Amino acid sequence: MRYPINYKEIKPKLKYYSEVVNVYNEAEKYLLSFDWCTNVKQSALYTNLGEKFCIFLFEIDNSASDEDSFLWVVAGDIPAMYLDIYGSKTTKEVVEGYVELAEDWINHIRLNKSVDECYPFNANPTLEIAELLERRTSFMKDTLIKNIEDIPISIPI
């Protein structure tokens, strides 16, 4: 299977199919929870590790900015995150961006500092959650970044 795959073209033969559908639904719900995201136009699956980790590229109607209609979304058994396409151009850069922002959030919690200036993860800023996220980001740094298929952004999706 070659990635990216337009989400509408995903078939049950896809590895982790039902898990990907669930993660996609979570990612879409996450984006639509923001007032500025009024509609999802299209989406594509770029990385598929089932319920553990997926990267999607979404084209949305963005009421806050006509120029920010494409967003990466990372979702799975981690707090979901969106990243714009201007900073991250490939799947590897998306993972690196996630790790960098997560580590900042984790460090703020460890130092008992406010996370108000950090990426707004939809997670309780507790030591327990920070430790769970640290385990995930360690896996990303030690294994995923070294082995991920580095797929560049492809627009239109």
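Biologist: What covers the buried residues of H1?

Modeller: In this predicted model, the cover over the buried residues of H1 (17–32) includes strand E2 (37–48), strand E3 (53–62), strand E4 (70–76) and strand E5 (81–84).

Biologist: Which residues of H1 are buried?

Modeller: Val20, Val23, Tyr24, Ala27, Tyr30 and Leu31 are the buried residues of H1. Viewed down the helix axis, they fall within an arc of 125 degrees, so they line one face of H1.

Biologist: Why would that spacing put residues on one side of a helix?

Modeller: An α-helix has 3.6 residues a turn, so residues three or four places apart point the same way.

Biologist: And what does the face turned away carry?

Modeller: On H1, the face turned away from the buried side carries the exposed residues Asn22 and Lys29.

Biologist: How far apart are the end C-alpha atoms of H1?

Modeller: They are 22 Å apart. The 16 residues of H1, at 1.5 Å a residue, should span 22 Å, so the two values agree.

Biologist: Back to E5. Which residues are on its covered face, and which on the uncovered one?

Modeller: Met81 and Leu83 make up the covered face of E5, while Tyr82 and Asp84 make up the uncovered one. In general, side chains in a regular strand alternate between the two faces of the sheet.

Biologist: How do E4 and E5 pair?

Modeller: They pair in the antiparallel sense, over 4 bridges. A hairpin of 4 residues joins E4 to E5.

Biologist: What stands opposite Asp84?

Modeller: Leu71 does. Asp84 itself belongs to the uncovered face of E5.

Biologist: What about the phi of Tyr16?

Modeller: Tyr16 is not a glycine, yet its phi is positive, at about 65 degrees. Tyr16 sits in the loop between E1 and H1. For context, most residues other than glycine have a negative phi, and most peptide bonds are trans.

Biologist: And where is Asn112?

Modeller: Asn112 is in the loop between helix H2 (91–110) and helix H3 (127–147). Its phi is near 60 degrees, again a positive value in a residue other than glycine.

Biologist: How do Tyr16 and Asn112 count in terms of accessibility?

Modeller: Tyr16 has 35% relative accessibility, so it counts as partly exposed. Asn112 is exposed, with a relative accessible area of 72%; the cut-off for exposed is over 50%.

Definitions and conventions: Residues numbered from 1 in each chain as written. Predicted model: local features only at pLDDT ≥ 70, side-chain atom pairs only at ≥ 80, totals over all residues. Heavy atoms only, no water. Helix = DSSP H or I, 4+ residues; strand = E, 2+ residues; numbered from the N terminus. Buried < 20%, exposed > 50% of the residue type's maximum accessible area, 1.4 Å probe, protein only. Expected span 1.5 Å × (residues − 1). Arc of directions from axis to C-beta. Contact = heavy atoms within 4.5 Å. Pairing = 2+ DSSP bridges.
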